[in-house]
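We will go stop by stop.

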Amino acid sequence: MRGSPGSRGYEDLPEAIPSTSGRERSGDSLYRPPEPGGPDARRCSTGIGADRTRLLDMLWDLQDTWRYVPEPVLADLAPKLGTTLLDLRETASFYHFFHDRYAGRHTIYLSTSVLAQQCDYDAVLATLERETGTLIGGVDPSGAFGLFETPCIGLSDQEPAMLVDSIPFTRLNSAKVTSIIAGLKAGHPAVELADPEIHDSRTVEYVDSLVESNLRLPGVVFFRPDPYPESFVERLLTRPPEEIVEILAESELRGRGGAGFSTGVKWRMVASAPGPERYVICNADEGEPGTFKDRVLLTRSPRQVLLGMIAAAYAVGARHGILYLRGEYSYLRDYLEQTFEEFRARGLLGTGIGGRAGFDFDLRVQRGAGAYVCGEESALLESCEGKRGTPRVKPPFPAQSGFLGLPTCIDNVETFAAAARVLEEGSRWFRAVGTEDSAGTRLLSVAGDVSWPGVYEIEWGTTLGEVLEHVGAPDAHAVQIGGPSGVLVAAAEARGRRIAFEDLPCNGALTIFDPTRDLVDITRQHLDFFVAESCGICVPCRAGNVELRDFVARLQAGRASRADFARALACADTVRRASRCGLGATSPKPLLSTVEAFPAAFEAKLVDERGPLLASYVEDEAVVPADVYRSVREGRR
């Protein structure tokens, strides 16, 4: 059984764009996108009703059905949701995967990550443009193919990679791309090209046919056989909720999303916060370039993650939950929902869980739509409520006022899985692993110039040198710890340092570069990413990151002086201190940490100022021809 992309919600919406799950022919004739409106638009009834919190699901149904989000349909939908067309348009435009223009019967997103561009990226892009008949960012004349670029899609261990109609294709080269596009032109849907054996989309065999897990080193906390669900819940219910919270607090488990806040303390705050209801939300929106550990956990151990969420619901008194799944992982949705169905059938989700009257908890998958900032917990809450993913001002914190203003327990995939293991084995067992200040283990997504990219489970306190030996990186020159928002360190100087909260904290991404890589160019690419992913709500992040990116571009062009360098560093400090949320606070790190670890890479590119003009001044670019100036003033350009 294949999952139908447009099957959730707008059951009565006419299939203006033939579904890509059939075997229709996509390139036989010139294709023109429809113009929905009138009675067709008014037929937008939906099984999820007029629930604004489900707006992203509605937008996905429109995007999947029409291959864009038609404004006439939004105009019809707005009054049903008690809002305006402008509001819906503003929300839809925030997310990368929603288009306001026809995006092709087959919509292709090529990953532009740093690691992709260090592989066969240029050849892959050239082949895609040639075979689809469109340049990147456009749709071919027949309407068959829309070709777009997108940042990291959670496949850094198998780049170059792309999504075609939400189906991943990995380890691309020119020959493979040619074959894929030929298959699409012949009428084969993307899912059959990626999975010729036609596995059930609700099974792990289906997921494995699309993407390699590359689980290299399992440990004692993760990827062991899942706890038997009935026994786990039975033991859970033998303890009062307060005891569950105390076990987590005594284990010293800290959140694995990056901040490292005590999980037990967070659960206690949610349980004690006043409110008629509480929510549990799993943040599966790992968008940090280079990170993919949650993808592997959701594939190999979804039951362990779900048991952690059930334990949280029992401990804090929540009846409803959401698993917020990043849009790039849409191919996991049917598999995860099948896991939920299995638990419901076994009495482990729904009403009276484990036979305990009053213990009611159920959850749903919320599909994200391509916004890195939604990995920040308050932005994720806004997205779950059907809004733009704009970070909130804190306090109040989600534990006090979260989803719909109610106390909410938000943890990421790895944290919920670890919590389940703590409750299975005990707090002392967990504290015995790791270091005094960093209990347990850490999952690392390792990629780059290594022999064996993939996911590694290490004890906190393992040295960087030991990790480099495990992954096969004898020529490591620079190591990006924690993705672009983390730090870049010199491998030779940091081999003895420990992966731990007290030394080198890591949110799960470890990207290794050998001596051939241009670290200044990598810095620029990372700053490009933050410029594109800023929500734009605050000036320091919105404008400051552009300044930082432009400085590095001038440096590469040989037009940056020492004074420019000093101004850029001052700007970076302002962005770091004055930004509204964690994205802005960490966005200058690609520049700051690379300068700290490899100052010579920047010093070598600086030029001397001569005379009163800045080194960045270029006369041909500064002088605007009179005819251009007039046309701008008259509104013709």
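**Charges over rings**

Select arginine 254 and phenylalanine 501. Arginine 254 sits over the face of the phenylalanine 501 ring, 3.9 Å from the ring centre. Keep in mind throughout that this is a predicted model.

Now go to arginine 367 and tryptophan 60. Here arginine 367 lies over the face of tryptophan 60, at 3.6 Å from the ring centre.

**Rings with rings**

Trp60 belongs to a cluster linked by ring pairs, together with Phe94, Tyr95, Phe97, Phe98, Tyr109 and Phe148.

How many aromatic pairs does the structure hold? The count is 16. One of them joins tyrosine 372 and phenylalanine 530, with 6.1 Å from centre to centre and 65 degrees between the planes. That pair is edge-to-face. Tyrosine 372 is in the loop between β9 (362-367) and α16 (377-384), while phenylalanine 530 is in helix α21 (residues 519-533), so the pair ties together parts 158 residues apart in sequence. Are these two residues buried or exposed? Both tyrosine 372 and phenylalanine 530 are buried.

Phenylalanine 529 is buried, and so is phenylalanine 530.

**A buried threonine**

Next, select threonine 134. Find it in the loop between α6 (121-132) and β2 (138-139). Its relative accessible area is 8%; buried means under 20%, so threonine 134 counts as buried.

What does threonine 134 touch, leaving out residues up to four places away in sequence? The list is Glu129, Val139, Asp140, Phe145 and Leu147. Then bring up glycine 138. Its backbone oxygen lies 3.4 Å from a polar atom of the threonine 134 side chain.

**A partly exposed arginine**

For the last stop, select arginine 567, in helix α23 (residues 562-578). Its relative accessibility is 44%, between the 20% and 50% limits, so arginine 567 counts as partly exposed.

Show the side chain of aspartate 564 as well. The side chains of arginine 567 and aspartate 564 make a polar contact at 2.7 Å. Finally, pick glutamate 547. Glutamate 547 and arginine 567 are 20 residues apart in sequence. In space, their C-alpha atoms are 9.7 Å apart.

Key. Residues numbered from 1 in each chain as written. Predicted model: local features only at pLDDT ≥ 70, side-chain atom pairs only at ≥ 80, totals over all residues. Heavy atoms only, no water. Helix = DSSP H or I, 4+ residues; strand = E, 2+ residues; numbered from the N terminus. Buried < 20%, exposed > 50% of the residue type's maximum accessible area, 1.4 Å probe, protein only. Polar contact = N/O pair within 3.5 Å; in protein donor to acceptor, adjacent residues only side chain to side chain. Contact = heavy atoms within 4.5 Å. Phe/Tyr/Trp six-rings, centres within 6.5 Å; stacked < 30°, edge-to-face > 60°. Lys NZ or Arg CZ within 6 Å of the ring centre and 35° of its normal.
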